[in-house]
Amino acid sequence: MSILVLGGAGYIGSHTVDRLIEKGYDVAVIDNLITGHRLSVNPKARFYQGDIRDRGFLETVFNQEEIDGVIHFAAFSIVPESMAEPLKYFDNNTGGMITLLEAMHAHHISNIIFSSTAATYGEPKQIPIKETDPQVPTNPYGESKLAMEKIIKWADIAYGIKYTALRYFNVAGAKADGSIGEDHNPETHLIPIILEVAQGKRDKLKIFGDDYPTKDGTNIRDYVHVVDLADAHILAIQRLLDGGDSDAFNLGSSTGFSNKEILEAARKATDMAIPAEMAPRRAGDPSTLIADSTKARQVLGWAPQYDDVEKIIKTAWTWVNSHPEGYGDH
Ligand code: UDP
């Protein structure tokens, strides 16, 4: 089976490409390398550098490859950036999806897994969050992904393009051997920033807000290991290739950790002091996000291997210690 991975040089994409190859799939990758890293792509995958908004480029790849299914990660994903530059998010995420679906339709490719997000739920009314709960995003990133979910539903009805929207909660960690991992520039995510403090690259962690309605006042998030997340994509594409119907799934551990608890877990995982201070709230942050992932476990047969946030952080620590400058490209 031949799988095309869009955004396969990104953090989650590169781990998924790696797992697909380990499991014997034939893999082609598209990435514009704006945020991705060429070195993160398993050398057994065929690599095409280009942008999914470029229909001519997509045509070239689709003409060259015999694609059975598409896994689509090629999107911008930073909440604070989306608050400052919303149109950038609607252009690349939502606009990119439209161009991709047009190309898929023209080439009779009718299976796609794509990255959605817990941010589509906004400030949830109940915890844990179920797939059927209202989706009311509080930031343009979440809105751009919700728009993708809505557009694809109509592409399914009109053209029979079967899809699976995977709504990620917080993704962390790295391949256990530390050969691939997370490398964002600038880094905005909690766990890699904490590890930059542990590495001495930053003075201290700033915890954004301690006046939320949570047990210790800091935001609560649900962390899932990147390889477990990658495996969910492979289960999802195989399900569509086997004739499964369009659907959406939450992917999380179903356990919430406050930002202060993550800091404590990182201090244990790294055995470093990691100075921290409280800072004002960050715009667009919902108070608590915890997944109900029962549906993914039951329907996809997803069985995450990492159930301990300290172990997840340890894998990220192995990666940053073996790659102190990340991939060293940008
Ligand atoms: N956060 C923080 N300090 C930082 C970066 C993040 O306190 O330097 C908090 C952020 O406000 C949120 C949580 O960590 O409550 C997770 O943020 P991240 O950006 O990692 O993921 P998000 O939940 O926005 O997808």
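In this predicted model, the protein chain falls into two domains: domain 1 comprises residues 2-172 together with 223-251, and domain 2 comprises residues 190-221 together with 254-322. The centres of domain 1 and domain 2, taken over C-alpha atoms, are separated by 24 Å.

The two domains touch one another. Domain 1 supplies 28 residues to this contact, and domain 2 supplies 27 residues. On the side of domain 1 that touches domain 2, the elements giving two or more residues are helix 3 (79-84), strand 7 (170-172), strand 10 (223-225), helix 7 (226-241) and strand 11 (247-251). Among these elements, helix 7 gives the most, with five residues. When the residues on this side of domain 1 are sorted by class, 17 are nonpolar, six are polar and five are charged.

We now turn to the ligand. Which residues come nearest to the ligand, out of the 15 around it? They are H189, L190, I207, F208 and N219. Two elements give two or more residues to the shell around the ligand, namely helix 6 (190-198) and strand 8 (205-208). Strand 8 gives the most to this shell, with four residues. By class, the shell around the ligand contains six nonpolar, five polar and four charged residues.

Technical notes
Residues numbered from 1 in each chain as written. Predicted model: local features only at pLDDT ≥ 70, side-chain atom pairs only at ≥ 80, totals over all residues. Domains from an automatic or database assignment. Contact = placed C-beta atoms within 7 Å. Nonpolar A, V, L, I, M, F, W, Y, C, P; charged D, E, K, R; others polar. Near = placed C-beta within 6 Å.
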